[in-house]
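Trainee: I am new to this structure and would like to go through it with you, one feature at a time. Could we look at it together?

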Amino acid sequence: MIGEYFIYLDFCAIALFLGMIFTVIYRKSIITSRGKFFLAMLLFGLISGIADILSINSSLNSLVVYIFNVIYFATRTLIALSFCLYMISLTDNWHKYKNGPWRILLLFIPSILVIGLLISNYWTHWVFDVSDGKYIRGMLIDYGIMYICTFVYFLIALIYFIIYREFFNRVKKFAIIQVYPILIIVLLFQAFRMNWLIEIFATAFFSLILMNILERPEEIYEPEIGLKKFTAFQEDSYKAARTKKVISLVFVKIVNDVRLTSKMNYGKQISLRKSIGDLLKSTAKDFSLKGDFYYLGVGEYAIALKDLKKDNSESYAMTVRRRLNVPIKTDFGIVDLYSNVALVHCPEDISNTETAINFVENFVHIPSVLDSVLELSKMPNRRDFEVRMNMSSIIKKGLMDKKFEVYFQPIYSVKEESFTRAEALLRLYDDKYGEIEPKDFIPEAERNGTIHKIGDIVFDKVCEFIASDDFKTLGLEKIEINLSTVQCMHEDLPIHIMDAVKRYGISPSAINLDITESKDAYSHKMMEDNIKVLKELGFSFSLDDYGKGYSNLDHVTQMPVDAIKLDRSLTLSDNPEIQVMFSHSLKLIKDLKKKVVIEGVENEDILNMFETSLCDYIQGYYFSKPLPKKDFIDFLYKKKGLIKEDQALENEQMEQ
């Protein structure tokens, strides 16, 4: 006790602040803006705690007591300012203040006003007074005006937290929100027990919670190599996109990383990665650039440069590439590296986290060393690259917004001399990129598992058409549907297909399923099992893309398919050897008692080649390109000389 004041909580606060300051410095948390603001809050808290004790010590000279009171009030205000700056940085909005000096001025106005009041207090005594070494409250404190500054800063911090609350998980949200009830309780307690010095202890207490939950560098950094983790890159990218932060991302892929590290022990691998990280940092220092450095795994690195001049980031990227494509010195010797470097400007080139991650995945899979730095903004086929980068989100958006459509391409029967079949072909339209080719979105759909939802859409649309009166009137026998290997491997495939068939009350015999060969023994076995079940239910099958890439005659003879579709690579080839193979393939298929479907018939010359007894069906642009359902129906009505029911009624009315 000092006089009537209970000061032991201040001593506890000082001990806590000292421990936290040591921990923050030891963990090297201060290398980030948020870490520096948090350290400033702790330092101001420490000074405030010391000043709080000395400011009520009447045994000291009155001027000394006065000075310590000024220090106490000033640092208490700066604690609130530091917490506000910490929250702004924590939500990755500090760049807005760095780029707008007027914002910083507005933010500092409350602190400037408090400092001004404290300076003028020597003459006005509005804040406090000291008489015979004793502290006396002034009217600004009695009326709570001195607390307004603290209230403003904590309110700004709360607003940022509410706006960007999705940046934090449940535990981190608790760590931040607990500050406010603690402050309210302390202020209420202080109002009734003014002699209890509890405010600084409360500040130390909530700072301790913040440090233990939010300031955990082990969750952000790879300590052995001094770079941020991939998870930190994901989080930082999301924040940057959300706050529209202008940065340049430099991606580095060590092409020969796997070959090098496979011959190294763990210690040498760490040494190599640290040497590369140090090179990336030292190069940034050479250009006076600041940024964050990440290790993404398997020889992949990323640098988020905060410089706004593109020329600087371009020079940095080119220098990094040059330095990494020469032998690099490590702790255990010289290592030859081969690297690819890419440069992306955000948000100009990439505006969301998913696109950034997709870009990394596409970039790092480039197998050979590039001739120069890959700059997304200067790519001639940028649209195609962006589509590949965003394919996952394009598919998800397509499913959500119902952008997948089923087109139908007529198939000509040589025997019937008419269109008796059609192939259902999937189309995807994106509002930004336009029509997306199936060859582009199907592989990604297979990879991320959405192929099954897409397949359900196709079956539903096809079954709906088969159940319509138009299907019967047009004399169609079957609609062909393509099945991917991933779909064929799904054990619930028969259930999914039969669900649509039963829902529309149609016969399975009206559907023909096109499948493709697979090299994988497991998928081949699973495919056969599903085919067997579906054939027993009444579906027919065709082998698609025969003659394209992998074709195994043994599999062809054993697979229980009714027809084989010859790929257009055989149809359109001018190679005499391929033409010989094509002729023999036709004869072989007919000898196996299977029907032949010729794909890729583009003109009359090609058509005349295949209107023989060896061909059963012909498909291609000569007859028609794939059409939306309405256009397809109109096409067949016209070709078959039929009149639609609504058109017939209209004609009758006109005659009457």
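Trainee: At roughly what angle do the axes of helix H17 and helix H18 cross?
Mentor: Bear in mind that this is a predicted model. Helix H17 covers residues 391-400 and helix H18 covers residues 438-448, and their axes come within 10 Å of each other. H17 counts as roughly perpendicular to H18 because angles of 65 to 115 degrees fall in that class, and the crossing here is at roughly 85°.

Trainee: Which residues of H17 make the contact with H18?
Mentor: On the H18 side, the contact is made by Asp440, Phe441, Glu444, Ala445 and Asn448. Taken together, the residues of the contact divide into four nonpolar, two polar and two charged. The H17 side is made by Met391, Ser392 and Ile395.

Trainee: Where does helix H5 bend, by about 40°?
Mentor: Helix H5 runs over residues 101-124, and its 24 residues reach 32 Å from the first C-alpha to the last, which is close to the 34 Å expected at 1.5 Å a residue. A proline, Pro110, follows the bend within four residues. The bend itself is at Ile109.

Trainee: What covers the buried residues of H5?
Mentor: The residues in question are Leu107, Pro110, Ser111, Val114, Leu118 and Asn121, which are the buried residues of this helix. Just after H5, His125 takes a positive phi of about 60°. What covers the buried residues includes strand E1 (128-131), helix H3 (62-90), helix H4 (94-98) and helix H7 (146-163).

Trainee: Is Met211 buried or exposed?
Mentor: Met211 lies in helix H10, residues 199-213, and, leaving aside residues up to four places away in sequence, it touches Met20, Thr23, Val24, Arg27, Phe38 and Arg216. Met211 and Gly35 are 176 residues apart in sequence, yet their C-alpha atoms are 9.8 Å apart in space. With a relative accessibility of 5%, Met211 counts as buried.

Trainee: Which strands and which helix do the buried residues of helix H14 pack against?
Mentor: Helix H14 spans residues 310-324, and its 15 residues reach 21 Å from first C-alpha to last, close to the 21 Å expected at 1.5 Å a residue. Its buried residues are Ser313, Glu314, Tyr316, Ala317, Thr319, Val320, Arg321 and Leu324. They pack against helix H13 (266-286) and against strands E5 (247-254), E6 (291-297), E7 (300-305), E10 (339-346) and E11 (374-375).

Trainee: Which peptide bond is cis, with omega near 0°?
Mentor: Most residues other than glycine have a negative phi, and most peptide bonds are trans. The place to look is the loop between E10 and helix H15 (353-364), where Pro347 is found. The cis peptide bond runs from Cys346 to Pro347.

Trainee: What is the phi of Ser288, and what is that of Glu417?
Mentor: Ser288 is found in the loop between H13 and E6, and it is exposed, with a relative accessible area of 66%. Glu417 is in the loop between strand E12 (404-413) and strand E13 (418-430), and at 61% relative accessibility it also counts as exposed. Neither residue is a glycine, and both have a positive phi, about 55° for Ser288 and near 55° for Glu417.

Trainee: For the chain as a whole, what percentage of the 656 residues is buried?
Mentor: The chain has 29 helices and 21 strands. Among its contacts with a separation of 6 or more, residues 24 or more positions apart account for 69%. The buried residues make up 49%.

Methods:
Residues are numbered from 1 along each chain as its sequence is written. This is a predicted model: local features need pLDDT of at least 70, side-chain atom pairs count only at pLDDT 80 or more; totals for chains, interfaces and linings use all residues. Side-chain values use heavy atoms; hydrogens and water are left out. Axes are lines fitted to C-alpha atoms, for helices over the stretch in contact, and angles run from 0 to 180 degrees between N-to-C directions. Helices (H or I, at least four residues) and strands (E, at least two) are DSSP runs, numbered from the N terminus. Angles under 35 degrees count as roughly parallel, over 145 as roughly antiparallel, 65 to 115 as roughly perpendicular and the rest as oblique. Contact means heavy atoms within 4.5 Å. Ala, Val, Leu, Ile, Met, Phe, Trp, Tyr, Cys and Pro count as nonpolar, Asp, Glu, Lys and Arg as charged, and the others, Gly among them, as polar. The expected span of a helix is 1.5 Å times one less than its number of residues. The bend at a residue is the angle between axes fitted to the seven residues ending there and the seven starting there. Buried means under 20% relative accessible area, exposed over 50%, partly exposed in between (1.4 Å probe, protein chains only).
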